Amino acid sequence: MNNNLKRGPLLSAGLFLGMGLGGFFDGILFHQILQTHNMLSASIPVVDLVSAKINMTWDGYFHAGVWVLSLIGVWLLFRAGGRQDAIWSGKVLAGAMLGGWGLFNLIEGIIDHQILGIHHVMEYAVDKLPYDIAFLISGVIFMLLGWLLVRAGSQSPNSRKR
Amino acid sequence: MTNCLSAITAKPGNLARAALLLAFSSAPAWACFDCRKAVETQVYGPDFTLNLLALLLPLGILAMLGAAACYWDTLVGKFRKHNLNKNQSTNQNKAQNKDQQDEQ
């Protein structure tokens with residue numbers, strides 16, 4: 001195990017990238033392709049073109065936010081790549097990204113779906129709770145898988161030693 | 001006008017360019033030209049700041065967690081050190097207790 005090399009820089013970069021890309025995945029798949037919900041679809045239900053476009057605008061602000069997270073991730077990854085004291089492993093990066101995606105699902109699910117209730121995964125379903133719970137569970141599973149990958153990457157002798 | 005039209009239709013490429021230009025500048029290309037005012041009024045109304053804060057709250061928390069991961073090694077190091085000290089003091093206490101029991 002590379003005890004002397006720091007995991008923090010690559011972990012942080014991967015987490016930011018995972019959170020940003022996880023946000024884009026949510027926005028592209030659920031908001032745009034499947035159209036199961038929008039950012040404020042619980043408080044401003046989509047009933048006509050105006051309400052659809054209001055939600056579209058808020059989706060845009062959400063996408064701008066996750067774009068910033070992704071940009072920070074790229075910047076941190078660039079910095080981690082140049083550090084001699086930081087671990088450099090594909091498994092650690094992939095695990096951190098998966099963990100970041102899981103963290104996004106968990107935090108966004110708890111705050112937006114459960115606490116604030118501004119939208120739900122399946123806004124137009126009769127019973128929304130099972131889908132919201134499944135979203136939270138997916139977050140926990142992604143985080144666990146990510147953690148396993150990070151551990152495997154940290155212990156792997158193939159991790160780049162500098 | 002006639003010169004302009006003849007210039008456009010002189011080559012098929014020019015015609016295609018003109019069609020593209022028309023497609024992107026004509027009214028239907030503007031997303032919801034008629035309802036734009038109503039949308040802007042409702043989005044940038046009194047609830048704008050509240051909605052924006054609600055929307056950005058999870059992202060802010062995520063950013064803080066991501067930033068905290070930068071200090072992962074320091075945090076883990078401190079945690080390990082704390083546990084090590086705790087274990088050492090527990091072992092010392094146990095040894096002292098044993099000594100006291102032996103003396104008794």
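This is a predicted model: local features need pLDDT of at least 70, side-chain atom pairs count only at pLDDT 80 or more; totals for chains, interfaces and linings use all residues.
Biologist: Which element gives the most to the lining of the largest pocket?

Modeller: H4(A), with five residues. Lining residues have an atom within 4 Å of a pocket point. A pocket is an open set of points on a 1 Å grid over the protein atoms alone, where a 1.4 Å probe fits, with protein on both sides within 12 Å along at least five of seven lines. Helices are DSSP runs (H or I, at least four residues), numbered from the N terminus.

Biologist: How much space lies in the largest pocket?

Modeller: About 350 Å³, counted as the space filled by probe spheres set on the grid points. It has 16 lining residues, and the closest to its centre are A:Leu15, A:Leu103, A:Met143, B:Ala69 and B:Trp72.

Biologist: How do the lining residues divide into nonpolar, polar and charged?

Modeller: 13 nonpolar, three polar and no charged. Ala, Val, Leu, Ile, Met, Phe, Trp, Tyr, Cys and Pro count as nonpolar, Asp, Glu, Lys and Arg as charged, the others as polar.

Biologist: New topic. Which residues touch the most other members of the largest nonpolar core?

Modeller: A:Trp58, A:Phe62, B:Leu59 and B:Leu62, out of 25 residues. A nonpolar core joins buried Ala, Val, Leu, Ile, Met, Phe, Trp, Tyr and Cys residues through side-chain atoms within 4.5 Å. Buried means under 20% relative accessible area (1.4 Å probe, protein chains only). H2(A) supplies the largest share of this core, seven residues.

Biologist: And what is A:Trp58 in contact with?

Modeller: Beyond its neighbours within four places in sequence, the contacts of A:Trp58 include A:Met39, B:Val43, B:Phe48 and B:Leu55. Contact means heavy atoms within 4.5 Å.

Biologist: Is A:His63 buried or exposed?

Modeller: Buried, with a relative accessible area of 16%. A:His63 sits in helix H2 of chain A. Among the residues that A:His63 touches are A:Phe24 and A:Gln32.

Biologist: What area is buried between chain B and chain A?

Modeller: About 2,500 Å², with 81% from carbon and sulfur atoms. That is accessible area (1.4 Å probe) lost on putting the two together, summed over both. B:Leu55, B:Leu59 and B:Leu62 supply 23% of what chain B buries against chain A, more than any other three residues.

Key: Residues are numbered from 1 along each chain as its sequence is written. Chains are lettered from A and ligands numbered from 1 in the order in which they are written. Side-chain values use heavy atoms; hydrogens and water are left out. Helices (H or I, at least four residues) and strands (E, at least two) are DSSP runs, numbered from the N terminus. Buried means under 20% relative accessible area, exposed over 50%, partly exposed in between (1.4 Å probe, protein chains only).
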